[in-house]
Amino acid sequence: MRPTPHHINITKGADRPGRVLTPCNVDWVRTDIFARLDREPEPPKIEVPRMTPTRLALFGGTSAFYLAIVVAVLLSTWLVTLDWKIMLFRPYQQWPELHAFLDYYVVLGQRGPTAVMVAAWLGWRSWRQHTLRPLLCLGAALLLLNVSVGAVKLGLGRLGPHYATQIGSAELFAGGDIFPSGHTANAVVTWGILAYLATTPRARRYLSALSAVVALGVGLTTVYLGTHWLSDVLLGWAAGLLVLLALPWCEPVIAVAEAWILAGRDRVRERLRERRRLVPSLPVASGGPRPGFFPPRAQGSDEPVREPVGMPGARRAPVARG
């Protein structure tokens, strides 16, 4: 292999006469940045997260926090009073210079754009690692998020700050759909799934910190813009975290779904190969009719013999007239 700008020879030369060279396992190493984007030759061994005692304790603590927020809002406690104080403070009027930037930043919590971005990244991961698990984990997480958050939103029917009718009221069961905050919960799940699927402890730490910062910023941005109460954001953080903590329980179902999809893909490929084998590959003269292909007739059949029809525009051989 010839040396190239992005390859280096790592086979050491003879440093003294009579020394026998031992070739390395790898003769050339790629040093360009695109080397990490290549597809791996075989599926890597990835350790699937399990429901450990630590994760189970976090799930229980987050569930208790979730219930405490719901009860505090139902009983119109100090948390509802704090919601109203922040709403009447109107942060978007106190710091109007931040409004333009935060209008764009809050998009990081919208389900459509973030799902497309994360799905594109995980689709590349699936191709590179020969597995559908990243995409299936994202689908399972979004399904859990939509069901759990959507049910609570519609069940409690809380109105947002811009539509509140009575000062000091919790604004529950009024036909709203903002409790918990969907933007906040979606930011926790869609960016947190990257940390969940990380393959190294270092990447998992960095992605966990990044997703936490993004989710924290999205939640506080919705409070700044006046689209959510503070209690909506607190419940949204808890709802998104519960989805991520519950994903190990979905791993067996994800594995079964992946095996079923891959088996179906293999069956389709085999059928396509069989069809290609049945098509004859006979040479065709230029300008002449293409040979037809018909199954052989059974013996004793009265069906007339079918003749292949030439291509449109092909010349016919002259018929001698007697």
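**Reading helix H8 and a tryptophan pair**

Colleague: Which residues of H8 are buried?

Modeller: Buried means under 20% relative accessible area, exposed over 50%, partly exposed in between (1.4 Å probe, protein chains only). In H8 the buried residues are Ser211, Val214, Ala215, Gly217, Val218, Gly219, Thr221, Thr222, Val223, Tyr224 and Leu225. This is a predicted model: local features need pLDDT of at least 70, side-chain atom pairs count only at pLDDT 80 or more, and totals for chains, interfaces and linings use all residues. Residues are numbered from 1 along each chain as its sequence is written, and side-chain values use heavy atoms, without hydrogens or water.

Colleague: What covers the buried residues of H8?

Modeller: Contact means heavy atoms within 4.5 Å. The cover includes H2, H3 (91–94), H4 (99–105), H7 (182–196) and H9 (230–278). Helices are DSSP runs (H or I, at least four residues), numbered from the N terminus.

Colleague: What span does H8 reach from its first C-alpha to its last?

Modeller: Expected span is 1.5 Å times one less than the number of residues. H8 (residues 201–225) has 25 residues and reaches 36 Å, close to the expected 36 Å. Glycine 226 follows H8, with a positive phi near 80°.

Colleague: How many aromatic pairs does a search of the whole structure find?

Modeller: Ring centres must lie within 6.5 Å, using the six-membered ring for Trp; planes under 30 degrees apart are stacked, over 60 edge-to-face, the rest tilted. The search finds five. In one, tryptophan 121 and tryptophan 124 have ring centres 5.1 Å apart and planes at 45°, so the pair is tilted. Both lie in helix H5 (residues 111–129), three residues apart, about one turn.

Colleague: What is the relative accessible area of tryptophan 121, and of tryptophan 124?

Modeller: Tryptophan 121 is partly exposed at 46%. Tryptophan 124 is partly exposed at 23%.

Definitions and conventions. Helix = DSSP H or I, 4+ residues; strand = E, 2+ residues; numbered from the N terminus.
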